[in-house]
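Please report on the confidence, the strand pairing and the aromatic contacts of this protein chain. Keep it brief.

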Amino acid sequence: MPGRAALEKGCHPMTTANHDQVLDKREIAAALLRALERRHEVLDAIVESNDRAEAVATVARLLDTDEFCAEAVLNLPFRRLTKAERKKIREELDDLDAVLKWTPAERPYATGAHFRLRQFSDSEPDRELFRVRCEEQLGDAGAAQVEQERAAGLSRIDDESAVWLVAEDLSGTEPKPVGFAFGELQGHEVDVAIWVHPELRKQGYGTATLKHARTELAAYFPGTTIIVRSPA
């Protein structure tokens with residue numbers, strides 16, 4: 001990752017560093033356990049793949065996880081296939097669940113699987129999502145004020161001092177816009193603000209958006225510090 005992530009007090013409650021790290025470890029452990037329980041299917045999928053990239057993608061689909069966890073499955077050494085090692089992974093998973101404030105079962109989209117960020121566009125769905133965001137943040141914002149906010153943001157994007165990304169849930173038949181990740185360049189730092197549609201909160205979309213935003217914004221602004229300060 002070109003930039004480094006810094007989380008500060010006052011940020012979105014789903015983005016605390018410790019919880020995010022534990023959640024990542026929990027998802028890897030869960031993927032490993034599922035892989036061992038379905039080891040014959042996983043091995044067949046790997047053997048039938050043309051290369052590592054295809055194997056990772058196939059295993060990710062098979063286990064309903066992301067490619068980061070699928071990579072961990074491919075890197076699993078044979079010595080961890082024993083019953084004793086499987087028991088250790090299961091115990092580790094239980095320990096991680098015990099310290100989490102919430103689990104993916106409670107917020108199913110938090111893992112970031114079947115999820116993406118793309119650039120903000122001039123499409124009607126993106127305009128409508130931005131209007132909802134402005135109404136929540138600015139109160140009784142009229143159409144003129146919403147358009148002023150949008151135009152100012154697009155100007156900063158054109159100047160390469162900002163990146164606005166739309167978060168989309170890809171689990172359905174069509175991509176569903178669920179929120180935004182706003183990256184605003186301030187000197188050598190990028191202020192990141194995450195916003196999720198009010199009707200879609202507490203399902204894990206905020207955490208998924210943050211996870212993807214770190215990598216995406218670090219690529220847009222290499223060598224900068226990525227700072228999450230508050231919800232958008």
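The report takes confidence first, then a hairpin, then the aromatic rings.

**Confidence**

This is a predicted model. The protein chain averages a pLDDT of 81. At least 70 is reached by 81% of the residues. Strand β3 (residues 162-169) has the highest confidence, with a mean of 94. Strand β1 (residues 4-7) has the lowest, with a mean of 32. Over residues 1-17, pLDDT stays under 50. The model still has 40 contacts for residues 1-17 beyond four places in sequence. Where pLDDT is low, the predicted coordinates should not be read in detail.

**The β4 and β5 hairpin**

Strand β4 (residues 176-186) and β5 run antiparallel, joined by eight bridges. Phe182 has Ala193 in β5 as its bridge partner. Two residues lie between the strands of this hairpin. Gly187 takes a positive phi there, near 70°.

**Aromatic rings**

The whole structure holds nine aromatic pairs. Phe120 and Trp164 form one of them, with an edge-to-face geometry. Phe120 sits in the loop between β2 (115-119) and α6 (124-138), while Trp164 sits in strand β3. The pair therefore ties together parts that are 44 residues apart in sequence. Phe180 and Phe182 form another pair, which is tilted. The table gives the geometry of these two pairs.

| Pair | Centre to centre | Angle between planes | Type |
|---|---|---|---|
| Phe120 and Trp164 | 5.6 Å | 75° | edge-to-face |
| Phe180 and Phe182 | 5.2 Å | 35° | tilted |

Phe120 has 10% relative accessibility, so it counts as buried. Trp164 is buried too, with a relative accessible area of 4%. Phe180 is buried at 0%. Phe182 is buried at 6%.

Which residues form one aromatic cluster? They are Phe120, Phe130, Trp164, Phe180, Phe182 and Trp195.

Definitions and conventions
Residues numbered from 1 in each chain as written. Predicted model: local features only at pLDDT ≥ 70, side-chain atom pairs only at ≥ 80, totals over all residues. Heavy atoms only, no water. pLDDT = per-residue confidence, 0-100. Helix = DSSP H or I, 4+ residues; strand = E, 2+ residues; numbered from the N terminus. Contact = heavy atoms within 4.5 Å. Pairing = 2+ DSSP bridges. Phe/Tyr/Trp six-rings, centres within 6.5 Å; stacked < 30°, edge-to-face > 60°. Buried < 20%, exposed > 50% of the residue type's maximum accessible area, 1.4 Å probe, protein only.
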